[in-house]
Amino acid sequence: MSRSKVVLVTGGSRGIGAATSTLFAAHGYAVCINYKSNALAAENLALEITANGGQCIIVQADVSDEHEVVQLFERIDRELGQVSVVVNNAGILRQQCRLEDMTADRINTIFSNNVTSYFLCSREGVKRMSTRHGGKGGAIINVSSGAARSGSPNEYVDYAASKGAIDTLTKGLSLEVASEGIRVNCVRPGLIHTEMHADGGEPERVERLKSIIPLQRGGEPEEVAEAIYWLASEKSSFSTGNFLDLAGGL
């Protein structure tokens, strides 16, 4: 049976996505945990959520693939009901390097996974939530990065640029659907303790850089999840097209 509120969290099986899935479930949302390849992490998270009385499904889908995104939303329609919140969180990093060493394949892979996926999931969410299409309204929260502001020189200029695109998507889409009952906002995490840093070749990156953070520590996924939940809730009902930086003062 569907509950009144349904949330999709892309990349929802680990890090910020897992913390967000857990928090929404604790607040009574039926949660769709999307994952690309780590089935075990998704299954363990689902077991934890259901053990605590929550409702969720796990759906494997590459959200950079249009066909798989359509199938993902159709499954949510069937099993949970109409989505009311879309959290675009899925994203990837590649090994740290300078731009001069980046290949077209790497750049295109980063943009497909980090940008195209957000466009596709936002599109399907709008089709369901917009009052223009008979929906009841809702919220889209995009997970960008502090890298969109810093540019991540010598490490991830491609990743940073992809997140800059998400900032632009947030602003443009928020204006496009503001009169249709959909709010679109964005969080920009800074140095957060997640497994993603290992994907870039430096698992302890946060520890190396924490001294430059005014708060003198890295952030936790749960702190980002709280901001995402606030932006989805009625407590932020007058907020759209806005950005919440969670970077410890950077």
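Q: At what angle do H1 and H9 pack in this predicted model?
A: Happy to start with this pair, taken from a predicted model. The axes of H1 and H9 lie 8 Å apart. The angle at which the two helices pack is about 55°.

Q: Is the crossing of H1 and H9 left-handed or right-handed?
A: Where H1 passes H9, the crossing is right-handed.

Q: How many nonpolar residues does the contact of H1 with H9 have?
A: On the H1 side, the residues are Gly15, Ile16, Ala19, Thr20, Leu23 and Phe24. They meet Pro221, Glu222, Val224, Ala225, Glu226, Ile228, Tyr229 and Ala232 of H9. Alongside two polar and two charged residues, the nonpolar ones number ten.

Q: How are H1 and H2 oriented to each other, roughly parallel or oblique?
A: H1 covers residues 15-26 and H2 covers residues 39-51, and their axes come within 10 Å. They cross at roughly 20°, and angles under 35 degrees count as roughly parallel. H1 and H2 are therefore roughly parallel.

Q: Which residues of H2 make the contact with H1?
A: The crossing of H1 and H2 is right-handed. H1 brings Ala18, Ser21, Thr22 and Ala25 to the contact. From H2 come Leu45, Glu48 and Ile49.

Q: Are H4 and H6 roughly parallel or roughly perpendicular?
A: Helix H4 (residues 104-129) and helix H6 (residues 157-177) have axes that come within 9 Å. The axes cross at roughly 20°. That angle makes H4 and H6 roughly parallel.

Q: How many nonpolar residues are in the contact of H4 with H6?
A: H4 passes H6 in a right-handed crossing. Among the H4 residues that take part are Ile110, Phe111 and Val115, while H6 residues there include Ile166, Leu169 and Leu173. With three polar and three charged residues in the contact too, the nonpolar count is 13.

Q: Which residues that line the second largest pocket are the closest to its centre?
A: This pocket has a volume of about 410 Å³ and is lined by 22 residues. The closest to its centre are Lys5, Tyr29, Ser84, Gly137 and Gly138.

Q: Which helix supplies at least two residues of the lining of the second largest pocket?
A: By class, this lining has seven nonpolar, ten polar and five charged residues. Strand E5 (138-143) supplies at least two of the lining residues. So does a helix, namely H9 (221-232).

Notes:
Residues are numbered from 1 along each chain as its sequence is written. This is a predicted model: local features need pLDDT of at least 70, side-chain atom pairs count only at pLDDT 80 or more; totals for chains, interfaces and linings use all residues. Side-chain values use heavy atoms; hydrogens and water are left out. Axes are lines fitted to C-alpha atoms, for helices over the stretch in contact, and angles run from 0 to 180 degrees between N-to-C directions. Helices (H or I, at least four residues) and strands (E, at least two) are DSSP runs, numbered from the N terminus. Angles under 35 degrees count as roughly parallel, over 145 as roughly antiparallel, 65 to 115 as roughly perpendicular and the rest as oblique. A crossing is left-handed if the near helix is turned anticlockwise from the far one by less than a right angle, and right-handed if clockwise. Contact means heavy atoms within 4.5 Å. On a 1 Å grid over the protein atoms alone, a cavity is a set of points where a 1.4 Å probe fits but cannot get out, and a pocket is an open set with protein on both sides within 12 Å along at least five of seven lines; lining residues have an atom within 4 Å of a point. Grid points are joined across faces, edges and corners, and a volume is the space filled by probe spheres set on the points. Ala, Val, Leu, Ile, Met, Phe, Trp, Tyr, Cys and Pro count as nonpolar, Asp, Glu, Lys and Arg as charged, and the others, Gly among them, as polar.
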